[in-house]
Amino acid sequence: MKTRMVLFCAAAMAFAVVGSSPLLAADATTKVLAENDKVQVVDNVAPPGAVSPITSRLGLVAYYVTGGMSERTYADGTKEVVERKTGETFIVTEKRPYSLKNVGKTTIHVVTVRLK
């Protein structure tokens, strides 16, 4: 399993270089970079103020091409601010679904890998 996770992270980083591009729009964008019956790799770009919908992100692997400050909002209304650094990779362990809002001054660019 560890070898598979390393391969998924490596794939995400490789796709990040290919898929990165600056955006002028104020909304978050997502683009599927690669997908098969076992895994999905998605490029996510969120300018300041952009919000993503509430969804479960448990087990998602995230590589931050460009980090920033995000505010998580859970279904019960509780909020927390999370800072991610450029180049950081982590596995989401939060079980509760949440939405994300870019509360920083810079665009956040993250490539995510999800096992199906």
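Q: Is Tyr64 buried, partly exposed or exposed, and what is its relative accessibility?
A: The model is predicted: local features need pLDDT of at least 70, side-chain atom pairs count only at pLDDT 80 or more, and totals for chains, interfaces and linings use all residues. Residues are numbered from 1 along each chain as its sequence is written, and side-chain values use heavy atoms, with hydrogens and water left out. Buried means under 20% relative accessible area, exposed over 50%, and partly exposed in between (1.4 Å probe, protein chains only). Tyr64 therefore counts as buried, at 9%.

Q: How are the ring planes of Tyr64 and Phe90 arranged?
A: Rings of Phe, Tyr and Trp (its six-membered ring) pair if their centres lie within 6.5 Å; planes under 30 degrees apart count as stacked, over 60 as edge-to-face and the rest as tilted. By this rule there are two aromatic pairs. In the pair of Tyr64 and Phe90, the centres are 6.2 Å apart and the planes are at 15 degrees, so the pair is stacked.

Q: Which strands does the pair of Tyr64 and Phe90 tie together?
A: Strands are DSSP runs of E with at least two residues, numbered from the N terminus. Tyr64 lies in residues 61-66 and Phe90 in residues 89-91, so the pair ties together parts 26 residues apart in sequence. These strands are E4 and E7.

Q: Which residue lies over the face of Phe90?
A: A charge sits over a ring if NZ of Lys or CZ of Arg is within 6 Å of the ring centre and within 35 degrees of the ring normal. Phe90 itself counts as buried, at 15% relative accessibility. At 3.8 Å from its ring centre lies Arg84.

Terms used:
Helix = DSSP H or I, 4+ residues; strand = E, 2+ residues; numbered from the N terminus.
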